[in-house]
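I opened this one to see how its two chains meet. My notes follow in the order I looked things up.

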Number of protein chains: 4
Amino acid sequence: MSQPQVERLDQQHEAQIRESFRRQAFMNYLGAEMAEICMGSCEVRVPYRPELSQQHGYFHAGVSGAVADTACGYAAFSALPKDSSDVSLLTVEYKLNLLAPARGEMLIIRAQLIRAGRTLKTCRADVFCVRDGRETHCATSLATIMAVAGRAA
Amino acid sequence: MSQPQVERLDQQHEAQIRESFRRQAFMNYLGAEMAEICMGSCEVRVPYRPELSQQHGYFHAGVSGAVADTACGYAAFSALPKDSSDVSLLTVEYKLNLLAPARGEMLIIRAQLIRAGRTLKTCRADVFCVRDGRETHCATSLATIMAVAGRAA
Amino acid sequence: MSQPQVERLDQQHEAQIRESFRRQAFMNYLGAEMAEICMGSCEVRVPYRPELSQQHGYFHAGVSGAVADTACGYAAFSALPKDSSDVSLLTVEYKLNLLAPARGEMLIIRAQLIRAGRTLKTCRADVFCVRDGRETHCATSLATIMAVAGRAA
Amino acid sequence: MSQPQVERLDQQHEAQIRESFRRQAFMNYLGAEMAEICMGSCEVRVPYRPELSQQHGYFHAGVSGAVADTACGYAAFSALPKDSSDVSLLTVEYKLNLLAPARGEMLIIRAQLIRAGRTLKTCRADVFCVRDGRETHCATSLATIMAVAGRAA
């Protein structure tokens with residue numbers, strides 16, 4: 001199996017997506033940063049803060065879910081035609097399966113577009129937690145995203 | 001169809017659950033409050049704050065997901081035997097279907113235990129958004145929660 | 001809480017839906033019968049046959065999933081305007097949570113439309129198994145259905 | 001990225017799993033065959049038959065769901081210790097996202113174990129449909145499987 005081709009976005013499209021991500025107040029509140037965005041995939045990182053934890057001090061599953069959902073939306077967004085500034089992407093549904101406690105200093109969420117239908121996009125996101133430099137696969141998510149015309153993303 | 005019976009918890013059990021909820025740092029960070037907890041159900045409320053919004057100013061779907069997941073955990077917790085202080089409840093998976101934009105001044109999340117197996121508990125949560133005093137059904141969730149012995153919840 | 005209002009379909013619409021169900025070869029193969037169809041809900045029944053079983057002789061979870069998915073589609077179909085003969089309903093996704101072994105002589109699947117968006121419909125189905133005249137709640141499902149114009153259902 | 005290592009099962013374990021699959025009456029009824037079983041993964045094939053179709057003559061989504069669920073169970077089963085003849089694997093939940101119409105002469109379902117906890121196993125299955133020798137990715141599934149002691153699989 002060959003390495004999947006990573007296709008860079010053109011600069012303007014990438015800037016537009018990063019700008020859109022910054023307008024997501026909740027992502028800012030979580031401290032989430034878009035580390036990378038390519039055609040059909042993106043990576044978001046969330047440094048640990050005690051405010052993001054559940055009762056054992058690990059990242060709350062809801063952080064993983066919220067960021068995985070958002071990352072899926074941007075993976076879908078990245079594959080829209082460049083002149084899609086009036087298209088909004090709404091989450092239809094997402095499912096998160098938790099695999100291991102998210103214990104560590106950073107969450108890394110990697111999302112990819114699996115299928116781009118005209119209206120509906122199916123995406124997958126995997127959530128890893130970095131502890132002492134090692135990644136553990138903590139959660140996996142499957143989401144449906146809908147492209148709606150007529151509203152800025 | 002008759003009104004479902006709401007069984008009150010005894011005071012100590014209720015206090016224990018409310019104390020556990022308060023230890024969830026992420027719920028505090030979201031401003032989530034446990035409004036009600038009964039045997040097999042609970043209601044959590046989240047007042048609107050701009051930090052919880054997505055790009056259109058509505059509640060971010062990730063807030064709904066995170067709180068629905070947590071509310072499901074407490075609905076399951078409420079139905080454990082009273083001497084379960086060493087049992088921890090972990091989310092196995094949850095799915096959130098979004099029904100309408102969560103536009104308004106308050107999210108209300110109502111969770112109920114559907115099935116209490118010995119190890120696994122299945123719960124449903126419905127998310128409503130209150131705007132000008134009217135509730136809109138914004139999301140519905142289905143979750144699997146696992147009871148694990150030997151760790152304080 | 002009052003009984004939900006059950007709104008009957010007009011005869012022609014009901015006949016059209018029952019005819020569509022009969023064209024689902026796989027439903028025939030499973031022996032599934034549409035017992036009832038109203039506005040926004042339907043009930044499908046599947047008598048037990050050894051061919052539908054898993055290793056312990058109970059109904060295979062896949063039967064519950066397949067019929068729940070189909071019942072959701074028809075619950076959505078029933079709420080379309082009457083002149084929707086060119087609209088096709090496709091399943092986008094469904095999730096099935098299993099609650100108890102489906103041991104008995106009949107599966108009853110009750111589906112209802114939760115939210116009817118223009119394009120997407122969200123439905124829930126509950127699966128019961130009848131044994132010695134008593135129903136056990138065996139599974140619950142949450143599905144997204146898409147209405148697509150231009151193709152007979 | 002290197003090819004994932006495929007670890008063969010020992011002959012007796014493989015025979016035991018294939019025997020278990022054959023006892024699944026519903027899989028026989030669908031004409032499903034276990035094409036391959038390795039440590040943590042398996043492939044099941046379902047030749048087209050009109051009885052498995054929905055209204056447009058394609059494979060019914062319920063066939064994909066049922067076989068994906070079963071394939072996930074066997075992917076989990078394959079990774080149990082060899083002396084696990086008294087362990088039964090039960091599906092807790094599965095979700096199926098449909099990506100494209102399943103139009104063709106054969107369904108191929110490839111399942112893999114993502115995470116093997118002691119009690120719970122998380123698996124993914126991808127469903128492909130072969131038409132004129134070409135595979136189309138038709139559906140993807142995420143499932144939770146529970147290992148229960150004391151009952152033959």
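Predicted model: local features only at pLDDT ≥ 70, side-chain atom pairs only at ≥ 80, totals over all residues.

I started with the area buried between chain B and chain A: about 3000 Å², with 55% of that from carbon and sulfur atoms. Buried area here is the accessible area (1.4 Å probe) that two parts lose on being put together, summed over both.

Residues are numbered from 1 along each chain as its sequence is written, chains are lettered from A and ligands numbered from 1 in the order in which they are written, and side-chain values use heavy atoms, leaving out hydrogens and water.

Next I checked who takes part. Chain B gives 38 residues to the contact and chain A gives 38 residues (contact means heavy atoms within 4.5 Å). I found 0 salt bridges between the chains, meaning a side-chain nitrogen of Lys or Arg within 4 Å of a carboxyl oxygen of Asp or Glu.

Then I looked at the strands (DSSP runs of E, at least two residues, numbered from the N terminus). β3 (residues 87-98) of chain A runs antiparallel to β3(B), joined by 5 bridges; two strands pair if DSSP finds at least two bridges between them. Lys95(A) stands opposite Lys95(B) there.

Last, I stepped back to the whole sheet. It is open, has 12 strands with antiparallel pairing, and runs β1(A)-β2(A)-β4(A)-β5(A)-β6(A)-β3(A)-β3(B)-β6(B)-β5(B)-β4(B)-β2(B)-β1(B). Its edge strands are β1 (33-38) of chain A and β1 (33-38) of chain B, each pairing on one side only.

Technical notes. Helix = DSSP H or I, 4+ residues; strand = E, 2+ residues; numbered from the N terminus.
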